[in-house]
Amino acid sequence: MMPNQNNDLLQLRAEIALVAARMIAQDGADYGTARRKAARQVLGVDQPKPNMMPDDVQIEDEVRKYQALFGGAAHAERLLHLRETALAVMEALSDFNPYITGAVLNGTAGEHDDIHLQLFADSAKEVQIYLLNRNVNIDISETPHFKGGRHAPVETVSFPWMKEMVHAELYEYQDLRGALKPRADGRPQRLDAAGLRALIAAEAAQDQ
């Protein structure tokens, strides 16, 4: 029998978020897959009620706690390496208004994570041509638009950079309008190169 009291729901969400976070940190599972598997493991059902499911912010908080508890210095070094690599890519792609997003930005990135960028350019072809002219091997796919399902998916270019994989979503320049609002929890959804550089410097100062 499923609990229906508010406290029981909060506890269930917290337990699902904790299990999902472990899958993300240890196995590199994406949030959607981890949430579904965790719910199945905790609740024993394939389609739980939506109000029993934790959102991405709650799961992300648990991933952050997990990395702080178990990641130690290795996680900090990995995160710094990914951020510095991302900064190098963003500087190379500066003509296309690059912004960083995802786990490398929010600090939960581990050994399984790649670098995720969003570029805001007049033409996706310009980005592809820029990379191909520099002998960068690219794969092209699609990613759901960050504004939601009412908008068409966007072309995504994936390529290796300094032995890390980069996935760059290619948006029209006008999509940048309104994209810089913070998340509901106050954290940035994306940062430009200057913002990432400042973040790296701020965290280095905290460690001293």
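Glu-60 counts as buried at 5% relative accessibility, where buried means under 20% relative accessible area, exposed means over 50%, and partly exposed covers the range in between, computed with a 1.4 Å probe on protein chains only. This is a predicted model, in which local features need pLDDT of at least 70 and side-chain atom pairs count only at pLDDT 80 or more, while totals for chains, interfaces and linings use all residues. Residues are numbered from 1 along each chain as its sequence is written, and side-chain values use heavy atoms, with hydrogens and water left out.

Glu-60 forms a salt bridge with Arg-64, and the closest N and O atoms of the two are 2.8 Å apart; the term stands for a side-chain nitrogen of Lys or Arg within 4 Å of a carboxyl oxygen of Asp or Glu. Both Glu-60 and Arg-64 lie in helix H3, four residues apart, which is about one turn of the helix; helices (H or I, at least four residues) and strands (E, at least two) are DSSP runs numbered from the N terminus. Side chains of opposite charge can pair when their charged atoms come close.

The structure holds nine salt bridges. In one of them the side chains of Arg-35 and Asp-56 meet at 2.8 Å, N to O. Because Arg-35 lies in helix H2 and Asp-56 in helix H3, this pair ties together parts that are 21 residues apart in sequence. Arg-35 counts as buried at 17% relative accessibility, whereas Asp-56, with a relative accessible area of 40%, is partly exposed.

A further salt bridge links Asp-175 with Lys-147, with the closest N and O atoms 3.6 Å apart. Asp-175 lies in the loop between S5 and H6 and Lys-147 in the loop between S3 and S4, so the pair ties together parts that are 28 residues apart in sequence. Here Asp-175 is buried, with a relative accessible area of 11%, and Lys-147 counts as partly exposed at 34% relative accessibility. Salt bridges that share partners also join Glu-60, Asp-61 and Arg-64 into one network.

The strands come next. Six of the seven residues of S2 are buried, so this strand is largely enclosed by the rest of the structure. Strand S1 (residues 99–101) is joined to S2 by three bridges, and the two run antiparallel; strands are taken to pair if DSSP finds at least two bridges between them. Within this pairing, Tyr-99 has Gln-118 in S2 as its bridge partner. S2 also pairs with S5, in the parallel sense and over seven bridges, and Phe-120 stands opposite Tyr-171 in S5.

Grid points are joined across faces, edges and corners, and a volume is the space filled by probe spheres set on the points.

The largest pocket holds about 1100 Å³ of space. Its lining has 36 residues, and those nearest its centre are Tyr-31, Asp-56, Thr-101, Gly-102 and Ala-103. Among the elements that each supply at least two lining residues are helix H2 (31–43), helix H3 (56–92) and strand S2 (115–121), and H3 gives the largest share, four residues. By class, the lining divides into 11 nonpolar, 16 polar and nine charged residues, with Ala, Val, Leu, Ile, Met, Phe, Trp, Tyr, Cys and Pro counted as nonpolar, Asp, Glu, Lys and Arg as charged, and the others, Gly among them, as polar.

The second largest pocket has a volume of about 510 Å³, and of its 21 lining residues His-75, Leu-79, Arg-83, Gly-107 and Glu-203 lie nearest its centre. H3 gives the most to this lining, with nine residues, and the lining comprises 10 nonpolar, six polar and five charged residues.

There is one cavity of 30 Å³ or more, and the largest cavity contains about 40 Å³ of space. The residues that line the largest cavity include Ile-24, Val-63, Gln-67 and Asp-113, and helix H1 (6–27) and H3 each supply at least two residues of this lining.

How values were computed
On a 1 Å grid over the protein atoms alone, a cavity is a set of points where a 1.4 Å probe fits but cannot get out, and a pocket is an open set with protein on both sides within 12 Å along at least five of seven lines; lining residues have an atom within 4 Å of a point.
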